[in-house]
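Thanks for coming. I will go through one chain today, from its overall dimensions down to a few single residues.

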Amino acid sequence: MKLVHPELKQAFLFEEGKVNVWIIEHPSLFYEYVMQLFLQVNGKEGRFVLSENLKEMKLSKVMEVLLEPWSIDFSNRKIRTQLYEEMKTVAYRSENYERTQEVFSNLKRYILDLERDLPYAVDCPDEIDFGQLMKSLNVKLETETSTLLEQLLLYMKICKNLLHIEIFTLINIKCYLTDEELQELYNASFYEKFFLFLVENEERGKVQCENHYIIDSDMCEIVVDDKRTGNV
């Protein structure tokens, strides 16, 4: 996959075994590009273009942006909706269908039993909405973790499996993880087959497997990777 922007000379190539680190030292450019990425991932119009084999891909379908660790939300609407859809698929499989219908039947019967003790009639729908039922029961993923690294990895695995996210954009994540933790995060991304895109507001060292793309304070573009180093 390749990510480009009309204002940038350099394209970001997402390759197996590599992590792209975009260092934007100019404050206003850092804000502008991060904002554009965030808005596009959330369905707004923008100027970043992601493509694979010359076919354009919607950022909102394949990329997630984490502005900081506290923005990780295991119970966001997209995750919950997809979780309930997958649970519904399992519930209606042949081996579970009869039991699912029995649960719904018992629930409706219980509501009608309650009606007998009420001074008015109630209406129970013929068909129970599985997703609404799960929502009312506050069904959610078990996400207990002890470290930020574990939380990140669990969130990324969930987003990849449930939402088919392929690229995780992490803003200033090097402020929170050691080099050893970063390397563990990178190795996990290679194993799980998703890409990492780090956006940093300053140079914070170079870890193995990283390709660095720099916009310095003078707005010059510089590439630093295993194959080439120099201005663009």
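Helices (H or I, at least four residues) and strands (E, at least two) are taken here as DSSP runs, numbered from the N terminus. What you see is a predicted model, in which local features need pLDDT of at least 70 and side-chain atom pairs count only at pLDDT 80 or more, while totals for chains, interfaces and linings use all residues. Residues are numbered from 1 along each chain as its sequence is written, and side-chain values use heavy atoms, with hydrogens and water left out.

By that assignment the chain has seven helices and eleven strands.

Overall dimensions, then. The radius of gyration, taken over C-alpha atoms, is 23 Å. A compact globule of 232 residues would come out near 17 Å, the rule being 2.2 Å times the number of residues to the power 0.38. Along the principal axes, the C-alpha atoms fill a box of roughly 80 × 35 × 35 Å.

The accessible surface is about 13900 Å², and carbon and sulfur atoms hold 50% of it. Those areas come from the Shrake-Rupley method with a 1.4 Å probe, and for residues only the protein chains shown count as cover. I call a residue buried under 20% relative accessible area, exposed over 50%, and partly exposed in between (1.4 Å probe, protein chains only). Of the 232 residues, 40% are buried.

Contact means heavy atoms within 4.5 Å. Taking contacts between residues at least 6 apart in sequence, 68% join residues at least 24 apart.

Next, the interior. A nonpolar core here is a set of buried Ala, Val, Leu, Ile, Met, Phe, Trp, Tyr and Cys residues joined through side-chain atoms within 4.5 Å. The largest one has 38 residues, and those with the most contacts inside it are Met156, Leu170, Leu185, Tyr186, Leu196 and Leu198. Which helix gives the largest share of this core? Helix 6 does, with nine residues. Among the other elements that each supply at least two are helix 7 (179–192), strand 7 (167–171) and strand 8 (195–200). Leu185, setting aside residues up to four places away in sequence, touches Leu149, Leu153, Met156, Leu170, Leu177 and Leu196. There is also a second, separate core of 28 residues, which includes Trp22, Val41, Leu59 and Val199.

On to Thr169, which sits in strand 7. Is Thr169 buried or exposed? Thr169 is buried, because its relative accessible area is 0%.

Now the loops. Most residues other than glycine have a negative phi. Leu54, not a glycine, has a positive phi of about 70°. Leu54 lies in the loop between strand 4 (49–52) and strand 5 (55–57), and at 88% relative accessibility it counts as exposed. His164 also has a positive phi, near 60°. The loop holding His164 runs between helix 6 and strand 7, and with 53% relative accessibility His164 counts as exposed.

Last, Lys193, in the loop between helix 7 and strand 8. Its relative accessible area is 52%, so Lys193 is exposed. Leaving aside neighbours within four places in sequence, Lys193 is in contact with Glu16 and Lys160. Glu16 is 177 residues away along the chain, yet the two C-alpha atoms are separated by 7.9 Å.
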